[in-house]
Amino acid sequence: MSLPTKAVALAAASAVAWSSVALTASALADVFKIDGPPKVAIILFGPKNDGGWSQAFEEARPELEKIIGAKIPVVEKVPEDSSAITPPAERFIQRGYNVIIGTAFGYSDTFKKLSEEHPKVAFLDASGITNGPNLESFYGRTYESQYLCGMAAAAASKTGKLGFVAANPLPVVNWTINAYEMGAKAINPDATLTVVFTGAWNDPVKERAATTALIDQGADVIGQHVDTPTPQIVAQERGVYGTGHHRDLAEFAPKATQCSSVWTWAKFLGPTLESIKAGTWAPSPYGAFPGIKQGGTDIACCGSAVSEDNKKKILAARQDIIDGKNAIFVGPLADRDGKERIAAGATLSDADLWKMDWFIPGVISQK
Amino acid sequence: MAEASSPGAPPAGASRGFGRLTIEVRRSVSPQLRIGALAGAIAIGLTISAIALVLAGVPASDLAQEFIVATLFDPTNLKAVFVQAAPLVLVGLSAAMAFRVRFWNLGIEGQMIFGGVGATAVSLAHAGPDSTRLVAMFVAAMLAGAAWAAIPAALKLLMNVNEIISTLLLNYVASDILLHLLYGVWKDQDGFPHSLKYSASELIPDILPGANGGLVIAAAAAALLVVVTARSRAGVYMRFVSASPSVAEALGVPVRPLVFSTVLLSGALAAVAGFVVASSQEGRLTQSFYQGYGVSGVLIGFLARNNPFAAAIVGVLMATLVIAGQNLQVFYGIPQSMVQLIQAVIVMCVAASDFLTVHRLHWAR
């Protein structure tokens, strides 16, 4: 019995030592190291075959297993409650897992607490908002991929009236909507985007109603930032086009889906796991925010309704984003009420991106 | 089933060659029989589950270890069971109380939301000194939950609106109110849709080592309700109403005030569950803290046959099942649907055992 107790005491002592290091020295670069080879476990918010957010992680798993050379167990359908998240995480840690990957905004507080209790374990949380010496939240720059999908949407549209089914008016959704409209305008300067918020990430019934309403109002391409493929399926049923989110939704609506913003988590998590393994992992105090270049997000494009000419334009725009020639949110940019949001020549900072609560002209939504 | 037991009724499962099977209602059910049947049902449920798990590829030799030993004899896991049990016991009690007066309260989630909202309002207003803040939050939660439950109770008593529909639909209204607050005036300073964190004095402490304060509250509530239902005048009245509201009315039981106040009590209990989740687990008001507890509460109330003591036991049992299920998922890659199947099998066995305790199967040649 004395050995484990001793280990706990040591861990506690080193935690104290670390926090004092963190207070006195600003160089944290190589403070964190896991013991031994990485043993990785994933905690999924949704079912692993949800067709979207959670499945994107499940599909990255085989590649990550190859990188670390070990199986990666998964727990699925873990809701955003501390009482649900803590037990599987503790269980993994008890059995020697030292890299825990979470997949929800609502895991943030619990992961922060766990990371403080287990300073020798690395924590990563997709769409989380907490960070620490051994905790990094990460999310993709979806405005890059959704900008390109907005281009594809305008290219496929005959009327220039685009619709968008969104979950909740959060910054991550708001920037998707703005970038989508900006991309659409790059193809058709008169394009408008009518947005309906369903108030839920995963509610096929409301998504169907919202999509139907948008099409009834004349929208002929439906974009989306919700977790199910329902808007694409309805678009196909109604004979109009759409663009997907999370994964290539042409799987569900091959005729309708013209472009999808997809997650490329293996491309981001692979190198992250390598650096944890090498002992060089330095989690950013602001979280990781990879774009197309670093492998957070990308597009599956384009469907047959996008002309070859426009497809070339979209792929060229993608290259510009990768090369850093188009940061999307660059000034001068005013919101739809005429208030200047980005000054001429300036680029919107990440901090301001995470606070985005405004829409550009051309975006029509309930307020 | 009562017809089958009456003399002269056609025998159930009759067959000339094999004698006949009759089903009789027992005149009285001893506590020993009840406990024995419950234990037997759990054993049968676990056996069926074990067979399913072995077929799914879990080594038989690991089963007992993973399912029982690792869940109940490991301090971390036991703590997790208790954390999960506290709100489950409270929502189970909430359902049991309402069902006692034949009020089918399906609005437990909405009442939980209002409990969380009431407690958070006190937190955000910094009402009163720090030392009494938790008590103020507790009281505010109960008042808010009772007030929310008063709506369907009044609708039923005054206008005869079916509470199954009104309580269920009011859950959606409550959840929209919650989102309206979290995306609006209660949004965190960082712009994310949850309330500001509670301060240290607003978190329910671990009163006993290993047992969270929420569990202590749940246990106290259960003990109080055991006394109320077994010893008080109101408890006797509830039994009358449960048996027959019209006869109770004729006997002079104040049925309507009793039903109304019991529904308020049920709402307050659900609200305390919301307060416990927000203040002892999440540390703030979140968007989804109440989800899933409505069905669990109804299930616990049903399995406990509206008995508060049984509801406490069943609540802890359900929590054990949840945590044990997670263990299986973690180490054997058993899908969540399989875990739900196991939980359903055990619940169904317990429900079926109830039939066998209330009835006697009689084999006659």
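1. In which loop of chain A does G345(A) lie? In this predicted model, G345(A) is found in the loop between β13 (340-342) and α11 (350-353) of chain A. Its relative accessible area is 76%, and it is therefore classed as exposed, the cut-off for that class being over 50%.

2. Leaving aside residues up to four places away in sequence, G345(A) touches G331(A) and P332(A). The C-alpha atom of L148(A) is separated from that of G345(A) by 22 Å, and the two residues are 197 residues apart along the chain.

3. The next topic is the division of chain A. The domain assignment gives chain A a domain 1 (27-138) and a domain 2 (142-263 + 296-365). To the contact between them, domain 1 of chain A contributes 7 residues and domain 2 of chain A contributes 6 residues. The C-alpha centres of these two domains are 30 Å apart.

4. The size of an interface is often expressed as the accessible area that is lost when the parts come together. Between domain 1 and domain 2 of chain A, about 680 Å² is buried, and carbon and sulfur atoms give 63% of this area. On the side of domain 1 of chain A, the residues that lose the most area to domain 2 are G51(A), W53(A) and A56(A), which together account for 56% of what that side buries.

5. The side of domain 1 of chain A that touches domain 2 consists of 2 nonpolar, 3 polar and 2 charged residues. A salt bridge joins E59(A) and R247(A), with 2.9 Å between the closest N and O atoms.

6. Chain B is likewise divided into domains: domain 1 (1-58 + 336-365) and domain 2 (74-333). Their C-alpha centres lie 31 Å apart. In the contact, 13 residues of domain 1 of chain B meet 12 residues of domain 2 of chain B. About 1100 Å² is buried between these domains, with carbon and sulfur atoms giving 80%.

7. Between the two domains of chain B the count is 1 salt bridge. R305(B) and D354(B) meet through their side chains in a salt bridge of 2.9 Å, N to O. On the side of domain 1 of chain B that touches domain 2, α2 (31-55) and α14 (336-358) each supply at least two residues. The largest share of that side, 9 residues, comes from α14(B).

8. The last topic is the interface of the two chains. Here 26 residues of chain A are in contact with 31 residues of chain B. The buried area is about 2600 Å², and 51% of it comes from carbon and sulfur atoms. In chain A, the residues losing the most area to chain B are S83(A), R91(A) and D109(A), together 22% of what that side buries.

9. D109(A) also forms a salt bridge with R284(B), the closest N and O atoms being 3.1 Å apart. Across the interface of chain A and chain B, 10 residue pairs are in polar contact, both residues being at pLDDT 80 or more. On the side of chain A that touches chain B, β2 (74-75) and α3 (82-94) each supply at least two residues, and α3(A) provides the largest share, 9 residues. That side has 13 nonpolar, 5 polar and 8 charged residues.

Technical notes: Residues numbered from 1 in each chain as written. Chains lettered and ligands numbered in written order. Predicted model: local features only at pLDDT ≥ 70, side-chain atom pairs only at ≥ 80, totals over all residues. Heavy atoms only, no water. Domains from an automatic or database assignment. Contact = heavy atoms within 4.5 Å. Buried area = accessible area lost by both parts, 1.4 Å probe. Salt bridge = Lys/Arg side-chain N within 4 Å of Asp/Glu carboxyl O. Nonpolar A, V, L, I, M, F, W, Y, C, P; charged D, E, K, R; others polar. Helix = DSSP H or I, 4+ residues; strand = E, 2+ residues; numbered from the N terminus. Buried < 20%, exposed > 50% of the residue type's maximum accessible area, 1.4 Å probe, protein only. Polar contact = N/O pair within 3.5 Å; in protein donor to acceptor, adjacent residues only side chain to side chain.
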